[in-house]
Amino acid sequence: MSFAASGGQTSNRSNARSRSATSSTRNARPATTRSFRLLGPARDIIDQTPKLGECLFPYNSESVTAAFERVRDRIAETSMPGIKDLRFHDLRHTGITMLFWRGLRIEEVAIVSGHTNWAQLKRYTHIKPEELHRHFPTPQELKQVEKDVVR
């Protein structure tokens with residue numbers, strides 16, 4: 001995986017500074033290059049990070065995966081056996097689900113995740129029906145609202 005930040009422009013929307021960046025990945029498929037926007041603090045962090053070359057993260061994805069698996073296996077041996085099945089890519093699923101939990105809309109999550117359509121994005125979304133209840137008031141909360149309105 002490599003990541004290169006380039007270009008520069010300022011967005012007029014809410015005075016958020018944004019610049020283009022590209023990400024290249026190599027899997028079983030041919031390399032994929034995507035362009036996306038970095039906003040605010042993310043851009044500042046990248047600007048302050050020393051660069052060793054064209055890419056900010058000039059790492060081979062297989063090396064990253066191998067390092068993750070070594071750490072995961074060590075944790076599994078010492079304290080959390082259930083973590084043994086965790087894959088690095090599972091973190092992407094978790095992160096995307098957490099964005100929905102925070103209330104972001106499909107379009108907003110797609111911008112962050114880089115997905116181009118809902119069919120791709122929904123494979124990464126693991127929201128249970130019972131989790132939707134947190135968006136609605138409980139019966140006790142409704143009673144309180146009724147009392148407040150009647151006053």
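**First stop: lysine 84**

Select lysine 84: at 42% relative accessibility, this residue counts as partly exposed, a label for values between buried (under 20% relative accessible area) and exposed (over 50%), taken with a 1.4 Å probe on protein chains only. Before going on, note that this is a predicted model, where local features need pLDDT of at least 70 and side-chain atom pairs count only at pLDDT 80 or more, while totals for chains, interfaces and linings use all residues. Residues are numbered from 1 along each chain as its sequence is written, and side-chain values use heavy atoms, with hydrogens and water left out.

Lysine 84 sits in the loop between α2 (61-78) and α3. Helices here are DSSP runs of H or I with at least four residues, strands are runs of E with at least two, and both are numbered from the N terminus. Which residues does lysine 84 touch, not counting those up to four places away in sequence? Show Arg72, Asp73 and Ala76; a contact means heavy atoms within 4.5 Å.

**Next: arginine 72**

Now hop to arginine 72, in helix α2. Is arginine 72 buried or exposed? It is buried, with a relative accessible area of 11%. Bring up leucine 86 as well: its backbone oxygen lies 2.7 Å from a polar atom of the arginine 72 side chain. Setting aside residues up to four places away in sequence, arginine 72 touches Ile83, Lys84 and Leu86.

**Then: the α3/α4 pair**

Select residues 90-101 for helix α3 and 106-113 for helix α4. Two packed helices are described by the angle between their axes and the distance between the axes. Here the angle is about 150° and the axes are 10 Å apart. The axes are lines fitted to C-alpha atoms over the stretch in contact, and angles run from 0 to 180 degrees between N-to-C directions. α3 and α4 are therefore roughly antiparallel to each other, the term for angles over 145 degrees.

To see who makes the contact, show Arg92, Ile96, Leu99 and Phe100 on α3, plus Ile106, Val109, Val112 and Ser113 on α4. By type, these contact residues divide into six nonpolar, one polar and one charged.

Move on to histidine 115, in the loop between α4 and α5 (118-122). Histidine 115 is buried, with a relative accessible area of 10%. Look for two side-chain polar contacts (pairs of N or O atoms within 3.5 Å, one able to donate a hydrogen and the other to accept it). One, of 3.4 Å, joins histidine 115 to arginine 92; another, of 2.6 Å, joins histidine 115 to serine 113. Leaving aside neighbours within four places in sequence, histidine 115 is in contact with Arg92, Ile96, Ala110, Gln120, Leu121 and Tyr124.

**Zoom out**

Finally, show the whole chain: six helices and four strands, running β-β-β-β-α-α-α-α-α-α from the N terminus on. Of its 151 residues, 19% count as buried.

Conventions:
Angles under 35 degrees count as roughly parallel, over 145 as roughly antiparallel, 65 to 115 as roughly perpendicular and the rest as oblique. Ala, Val, Leu, Ile, Met, Phe, Trp, Tyr, Cys and Pro count as nonpolar, Asp, Glu, Lys and Arg as charged, and the others, Gly among them, as polar.
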